[in-house]
Amino acid sequence: MAVVTPESAAQNYDVIVVGSGAAGGQSAYTLTMDGARVLMIEAGRDYDPRSETPMFQTPDAAPLRGAGTPDKPFGFFDATIDGGWSVPGEPYTNASTEGGRQFKWWRARMLGGRTNHWGRISLRNGPYDFKPRSRDGLGFDWPIAYEDVAPYYDKVEMLIGVYGTNEGLENTPNSPEGVLLPPPKARIGELLARQRGRSIGIPVVPAHRAVLSRALDHRSLPAKLHPGNAKAQRVLSEDMQNRAACFWATACGRGCAIRANYQSTTVHLPPAMATGNLDIVTKAMAREITVDAAGRATGVIYVDKTTGREHRASARVVVLAASACETVRILLNSKSALFPNGLGNSSGLVGKYIMDTVGASWGGNIPLLEDLPPHNEDGAGGDHVYTPWWLYKEQLAGKLGFARGYHVEFTTGRQMPQAYGAYGNDAGGRTSYGARLKEEARRHFGSYVSFTGRGEMIPNADSFCEIDPDVVDRWGIPVLRFHWKWSEHEIRQVAHMQRTFADWIAAMGCVSTRSPSPDGRRSIEPGGSIIHEVGGTLMGSAPSTSVTNSWSQTWDVKNVFVADGGVFASNADKNPTLTIMALAWRAADRILDEMRRGNL
Amino acid sequence: MDRRLAIKWMLAAGAGAMLADPFALGAPGDGQAPVPPPARGYGTDPDLMKPYKPGDYWPLTLSEGERRTAAALCDVIVPAEAQAPSASSVGVPDFIDEWVSAPYPNCVKDRTTILDGLAWIEAESGKRFGKGFADAAAAERVSLCEAVAPEAPEGSALEAPSKFFRRFRNLTTAGYFTTPVGMRDLGYIGNVPMATFDGPPADLVAKLGLTDEVKW
């Protein structure tokens, strides 16, 4: 079994998984390792990071020195192919033209989806993050608690490999001893940010990222992950030996040919394929879920993008892992006599309460970091340190004027020069050139530090997506229309970020005439631009107030599960990918149990 | 490449060649329409493993004269020094040509700025020195750059030329410092596989009064 065509796919599967990213990859991995026969439906083309990752290419080997374009928004060498803020032939719309009311939707039509290019920052939600309403009266509590998810965080971290440390900080859970890999040493700018951050009360600790700082222990981990399952242990042990440790060069955003970082295509799909239980059909656009007279899902209708022809796949269970909004689209387009408003939508809540991460950045030149002796700061191709949210007590006491926190990511160091930014100092508005420019460029290489805030957005009734009644995509499938609005909590949170970052770079010795706007509206990144959208199929404790139950299973159709970020009842500042994987593993375990019991 | 597109590009390249005499261009904004760029770029699924050079995806469109001016200007901005060669010797004029010939919105916007600016600098050189910019003496070329390096007041005669100079400078440095030669010149020494990552040199950490005592 392998990548198949619609014609060569089997008649029937145990489970259809729609999507191949963090959620789809994890679902397929867990299900196939336990013997379920799975068909994965992916809208993009097949993609192999081992042969398609431009690891050491320098920008002069790329068109336009690798600069971002509408075809490759994150630069030519970014791993994303057939993706971006717009995908040809696959539009979406926004209901409002008003400033701050738009949602930007990033998609990656390729095997592995958006896991191929992400930042690999892998943070656990903490106990507060599952019960936010109980803490401050806003948003929604999840029907599950940290303790329900913790064992799955453990498993995912052991499987994918995450570097970091246990610091015991508030609402920032430790992993069990031996689970995390050692973090890389901090870069010089990160050390300076830590020293000066401490002087103004801001902690800096090693980041958690899904990069192998050393090879995984292929002898002991498989037995911990798959107790009593000899075949799964053998498959995983073999596969872990094919993942190399990081060699401390090249940016993770390009993907990883040596499989040292997590992508669905480097971690989940190879062992799942090796079980022989996974078929993947690529360039297949899922349109709707089919149901029988009893209201049970029977399978999925998809369009073969190459031929434009429609195909049907059948299975006992359907897992939606298409990304939060694409999953909403499939559910709302699955209309039938039994479900005239779309599948799983008896509550009317499918598409409601979509959330992104709150983002803003500020930085400056740090004279102490000028003219440093050349040394290699490539490191793990991303952050080595970060700042978890540190003002829980002040916030709970009502001292901050906004309800939820943010963490801070850093950009420092002597990274490979890119085709953006000016290299001159341009003091007094004078454009530098010649020998003076060269001197300035050498002196300032690596002296610029920037802080990036990543904060929690509280779900609100004005941020949702629905089917646009007038627009269809190239295949005639109705598309999504977005509605978006930030609340004052997010706006004030961004203003706090900007003040903090300006204080912080000042504490590092930055002398800047610029200062950030005190108005968060001017600094907040547009909705969707952090590419952390979750919600739309929220899990909850009752069918009238949520779309799925605590097992990510739709209340209305018991053999349909949502494995992606759609089920998030809140969007903590912690980047969602690790939690998506943990919940997908948990849902897949439930599916396996229920199939064994004959309930599915 | 499909034939229709190829013809379109050839036409675009031909029209570019017609602008060969830079003195014919006159001052910026004289109403001459810029050459239309090609309709398509490299698409959303280019082969990332293949090395590219300017001109592989769309034709270069600067005229011979414009390229000479651009190369001379590049080398005032990034001159040859004892430890590193000049911008033109590592292909920066080709990159600038590729950039202003590309179909993407930022590039299309820059095209007008750059073509008008190159024409201005050529005309100004003719006026001041009685010869083209590339043929002017080194000191003459520098004196012209000195005139446009300061930010010019809005509405002044030098506003457009000084904006052009800033943009051209940024393209030149982007083109130069992203080459292996430029990276070395800048002090970037990464992009090599290593068995371990050892962090910053210990004496540097000490010199800045920092500590690396924590458990990572």
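I looked up E288(A) and found that its bridge partner in β10(A) is I301(A). Strands here are DSSP E runs of at least two residues and helices are H or I runs of at least four, numbered from the N terminus. This is a predicted model, where local features need pLDDT of at least 70, side-chain atom pairs count only at pLDDT 80 or more, and totals for chains, interfaces and linings use all residues. Residues are numbered from 1 along each chain as its sequence is written, while chains are lettered from A and ligands numbered from 1 in the order in which they are written.

Next, the two strands. β9(A) (residues 284-291) and β10(A) (residues 297-304) pair in the antiparallel sense over seven bridges; pairing takes at least two DSSP bridges. Five residues lie between the strands of this hairpin, and G295(A) has a positive phi near 85°.

Is β9(A) mostly covered or mostly uncovered? I noted it as mostly covered, with seven of its eight residues buried. Buried means 20 or more other C-beta atoms within 10 Å of the residue's own, exposed means 12 or fewer, and partly exposed is in between, with C-beta atoms placed from the backbone.

Then I turned to helix α5(A), residues 146-160. Its buried residues include V149(A), Y152(A) and L159(A). Among the elements covering its buried residues are α7, α9 and α15 of chain A. G161(A) follows the helix with a positive phi, near 85°.

Last, I checked G99(A), in the loop between β5 and β6 of chain A. G99(A) is exposed because 8 other C-beta atoms lie within 10 Å.

Definitions and conventions: Contact = placed C-beta atoms within 7 Å.
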